[in-house]
Structure formats: C-alpha cells, structure tokens
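Open the model in your viewer and keep the selection panel at hand. The stops below are meant to be taken in order.

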Amino acid sequence: MRPSTLWFTLKSGFKNIRRNWMFSAASVLTMAACIFLFGIFYSIVNNVSYLTRRLEEEVPITVFFVEGATPDQMSEVGKQIETRPEVARMEFESADEAWEKMKEDYFGGSSLAEGFKDDNPLINSSNYRIYLNDITKQNALVSFIEGLDYVREVNQSEQAANTLGNINRIVSYVSISLIVILLLISIFLISNTISVGIAVRSEEIGIMKYIGATDHFVRAPFVLEGILLGLVGAAIPLVVLYLVYNRAVSYILTRFSVLNNVVEFIPVTAIFRTLIPVGLVLGLGIGLFGSFFSTRKHLQV
Amino acid sequence: MIDLIDVTKSYGKGLPALNHANIHVDKGEFVFVVGSSGSGKSTLIKLLLKEIDSTSGKIIVSGEQLEGMKHARIPKFRRKLGVVFQDFRLLRDRNVYENVAFAQHVLNRPNRVIKKRVPEVLTEVGLAGKYKSMPDELSGGEQQRVALARALVNRPEILLADEPTGNLDPKTSVEIMKLIEQINNRGTTVLVVTHNREIVNYMRKRVIMMNQGVILSDEREGGYREA
Ligand SMILES: Nc1ncnc2c1ncn2[C@@H]1O[C@H](COP(=O)(O)OP(=O)(O)OP(=O)(O)O)[C@@H](O)[C@H]1O
Ligand SMILES: [Mg+2]
C-alpha cells in the first residue's frame, strides 16, 4: 500500500470512530471489561497455582511404619513409593535421627534429654517424608501408601491442597464463562458499531464503488476501525490492571499479615510479560472478528 | 465502445425495464438518451456500470463483456468510466479539492500525482479558485462541475451522465451541457440521459429515444419529439 493510500485509510478509520463515538465507546468499554476480567482471572489463577506449587515443594506427606518394622521392610515400602510418578523426592528419617532432631529442637541440646539414656522414646517414629510434584495427586498417593504393608499411618496436608485446588477450579470456571460471554458481547458490539458506521457512510461507499474502489479498499477503513477500537479496548484494562495489581498485593499482605511469611506473590512484571501480549492479541482479535463480520454482511460490492 | 445486443432487463413481474434493446456507440461519440419517466434510462446506465446484471442479451463496454465478469474485475472495469448524477452525490464533509482527490485515492494514486492532477481537472471544469469551498457553499451548477471533475480526474474512456441538469436552471444547464460537449471534444465518449428538450434540440447530437424499455428511435443529429 502506498503511504498516501495508507494515510487516507487511516484518516477514514479515525473519522468513522469520531462519527459514531457513542457506539465506539460502548464497544471499547465492553471489550475493556472483558480483557480486564481476563487479566484478573489470569493473575489469580497464576498466583494460586504459584502458591500451590510452593506448598507442594514445602509440605511433605509423612509415612510412619507399624511397630517393629525392620529396616528391610521399610526400604521395601520406600521402593514401592518411589515408583509413583507424582513423587518429586523423598527423604528417610530413622527413629534415631528423629530423636536427635527432637533433642535439638525441644531440649536445645541440654542434659534434660540425657534422662532417656539410650532408650529412644521415638522408637516407632522412623518415617519417609515425601514431596510431590503435583499436589492434586496427593489423595491418590495417600490411599496407595495406606494400602501398603508395614504402613501404620500417613500424615498429609490435605486441607491446604484441596482448598487451593478448589479455589483455582472455581475461579477458572466462573472467569472463563464470564470471559466467553463478554467476548461474544464485545464482538457483537464492535460489529454493530461498524455496521452503524457503514450505514452512515453508505453514500460515500456507493460513490467509492462507482469510482472503481476494490472491496479491499472499501473495507480497509472499517477493518482499521475495528483494530483501533480493539487496541484501545485492550490498552485501557492493561494499564488499570498494572496499577491495581501491586496495590492489591500489598493490601492483601497488610490486611492478612499472617500471610506475610507464608505467601509470596508473582511480581507484576512477570505477570505482565504474558498479560500484555495476550491482552493485545485478544483486543486485536475481537476488533478483527467484529469488523470482519460486519463488512462481510454489509459491504457486498 | 458501447454495445448492447438484444438486452433485456426485468426487475420482476410486469414489463421489463429494458426490452430487447440494441445500441451501438462508437469511440468519441456524443449520445443523448431521452424518454418519458420510467422508460428505462437509468436502468441502462446501471447496466453499463455493472451495478445490475442484464436478464438476457449481451453488453460490451470498452471491449469487456459484462455478463459473467469476475467480481474482482468490476472495480478495474469501472475505472474506465466516469459517472455523474442529477443529485451530484458529493461528500458533504469534504471540500471541493478533497472530493476530487478522493477519486484518485480510491485508485491508490501517489500524492505527487494527486497534487498535480486535481488542480488541472478543476481548472478544466472552470472551478479554479474554489478548492477550499464545501459543497453546501456552492451553487448547483458548481456542484455539478465538481462531480464532473471527480468523474474525469481518472481520465475515463466513457462519461455517463444520468440527468446531469435535472436540478439546474436553464442557463446553468446549458453551461453544464457545453462543458460536457468540451469533454467529448477532447476524446471522451459521452452518453447523457436527459429530459431537457431545448438543449437536445439545440445541440443536434445523436438521440436515442426510449419508451417503456423499448428503443423507439435512434437518430444522428436528432431532435426530441413527442413520443
Ligand atoms: N430496483 C428496481 N426494482 C424494481 N423495479 C425497478 C427498479 N428500478 C427501476 N424499476 C422499474 O423499471 C422501470 C424503469 O426504471 P428507470 O429508473 O430505468 O426509468 P427512467 O427512465 O430512469 O425514469 P426517470 O426518467 O423517471 O428517471 C420503471 O418501471 C421502474 O419502476
Ligand atoms: Mg432515471
């Protein structure tokens, strides 16, 4: 395309928007809401799964053995657990090590513990600590281990895992359905806006056709209009999200100060590395789709 | 340049708007098409522009047969034609210069060419010095001159005019018709649909007379008689 033609097309595109700015604003705002919601959803889901992953790394399942289990029997159990794919790594702690650790932790190495002499009070506390790579598999793994011989008890952080998994699922379902609805409304509104523009300019379009404008040339300003509206509709929520994100994080951390040491949020830059391109593509896509439908329908040359 | 061979156009039931018409126009000719209201004159223009398709028969314009013409070819074909209407059809929100330049933008002309060609053609139609006026600030005759400039700016082979003086007073009508004659003298083939009996009789051009879709007469240096 020649620069003069491109400029001409750009001017027409802007003119379209100015001429029916109310429709343009309505479609931009809906689109902005859609992309804003997507951004929120993306941030929540990512942070929750980030949190979950950290929990997975930090909170192990502990497996205890029946009374009198021999080291051989214990390592037999260990081997069977190791075959499971969801196991990231596991550590064995013998009864002696457990006792040493307890002495260290609770008696501060003082002579109080000497009263037990060599009578290890934790004689039955040999255990495996198992770290998972996927916390959603935790329940399955626990019931597998409980079914093994020589296993007395399995301790798990079931509560946290289930809650987080459920939160993520609910957030996903609700957001995705809302986003899909808003997406469809956005496309509909954009395509409506452009249809109105086409109707308003029908005389001009007629003249263009008499003069010998190609379909392509007639459509270009409207497609451009869709793209411009789409990009603006994406830029607004991205800027707002950027401002909101850090505030939300610091609000949560001050409001629930208990979380301070437990929870860590993904930095805004990391979130936006994905959110910016996805948001822009989304806006662009909505704009293109909308203008595609309306020019298809109303610009039969 | 223009050939209609046994062309019929029906819009639906009832009499066809054009009924087995045969017309042949040579390159460089000036032709008036006259006839009472509803006789099919505008239909003829629309057929020539490939705005509508004939029901039967064969139309050849500037060497191209219109029946079965590929959709993508139509814009290229229309660039060989210039067209003006009774209601001028100017863009109200653009000034004289922009209205004419518009036709060049549509053809992807570079700015350098547009800047040279638009003043040239505006001078040709007698509008030098009115570049910046908006259509509403112009008289009817001036508006029709802008429309003519727009039709001519891309140097069409054929100029089609559907009642170009229909909204103009007699004196202005004569001026516009004179201008069209000048355009014809520079080599453009011209076909003018009109109701203006005085002008047709005065100019002594070829006259095709229609009634109810049928060509009643086709005379060189003809006049506009009662049908
Ligand atoms: N789009 C259409 N649909 C149906 N009938 C049409 C259509 N356009 C024209 N006609 C009919 O075709 C006939 C010829 O119409 P046309 O417009 O060609 O006449 P005309 O000679 O230009 O008349 P006028 O001098 O009033 O402009 C008329 O009977 C008209 O009612
Ligand atoms: Mg007519």
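A residue is called buried when its relative accessible area is under 20%, and exposed when that area is over 50%; partly exposed lies in between. Keep in mind that this is a predicted model.

**Stop 1: a helix in chain A.** Select residues 138-146 of chain A, which form helix 5. The buried residues here are A:Q138, A:L141, A:V142 and A:I145. Now look down the axis of helix 5 of chain A: its buried residues fall within an arc of 100°, so they line one face of the helix.

**Stop 2: where the chains meet.** Show both chains and select the residues in contact: 23 of chain B and 20 of chain A. About 2100 Å² is buried between chain B and chain A, and carbon and sulfur atoms give 58% of this area. Which residues of chain B lose the most area to chain A? They are B:R78, B:H105 and B:V106, which together make up 24% of what that side buries.

Next, look for polar links across the interface. Six residue pairs are in polar contact between chain B and chain A, counting pairs with both residues at pLDDT 80 or more. On the side of chain B that touches chain A, the elements giving two or more residues are helix 2 (74-78), strand 6 (81-85) and helix 3 (96-106). Helix 3 of chain B gives the most, with four residues. That side of chain B has ten nonpolar, five polar and eight charged residues.

**Stop 3: salt bridges between the chains.** There are two salt bridges between chain B and chain A. Select A:K15 and B:D93, which form a salt bridge with their closest N and O atoms 3.9 Å apart.

**Stop 4: helix 6 of chain B.** Select B:K171 and B:E175, a salt bridge whose closest N and O atoms are 3.3 Å apart. Because these two residues are four apart in helix 6 (residues 170-185) of chain B, about one helical turn separates them. B:K171 is exposed, at 60% relative accessibility, while B:E175 is partly exposed, at 33%.

Now select B:E181 and B:K205, a salt bridge with its closest N and O atoms 3.1 Å apart. This pair links distant parts of the chain, 24 residues apart: B:E181 is in helix 6 of chain B, and B:K205 is in the loop between helix 7 (197-203) and strand 9 (206-211). Are these two residues buried or exposed? B:E181 is buried, at 18% relative accessibility, and B:K205 is buried, at 15%.

Methods
Residues are numbered from 1 along each chain as its sequence is written. Chains are lettered from A and ligands numbered from 1 in the order in which they are written. This is a predicted model: local features need pLDDT of at least 70, side-chain atom pairs count only at pLDDT 80 or more; totals for chains, interfaces and linings use all residues. Side-chain values use heavy atoms; hydrogens and water are left out. Contact means heavy atoms within 4.5 Å. Buried area is the accessible area (1.4 Å probe) that two parts lose on being put together, summed over both. A salt bridge is a side-chain nitrogen of Lys or Arg within 4 Å of a carboxyl oxygen of Asp or Glu. A polar contact is a pair of N or O atoms within 3.5 Å; within protein, one must be able to donate a hydrogen and the other to accept it, and residues adjacent in sequence count only if both atoms are side-chain atoms. Ala, Val, Leu, Ile, Met, Phe, Trp, Tyr, Cys and Pro count as nonpolar, Asp, Glu, Lys and Arg as charged, and the others, Gly among them, as polar. Buried means under 20% relative accessible area, exposed over 50%, partly exposed in between (1.4 Å probe, protein chains only). The arc is that of the directions from the helix axis to the C-beta atoms.
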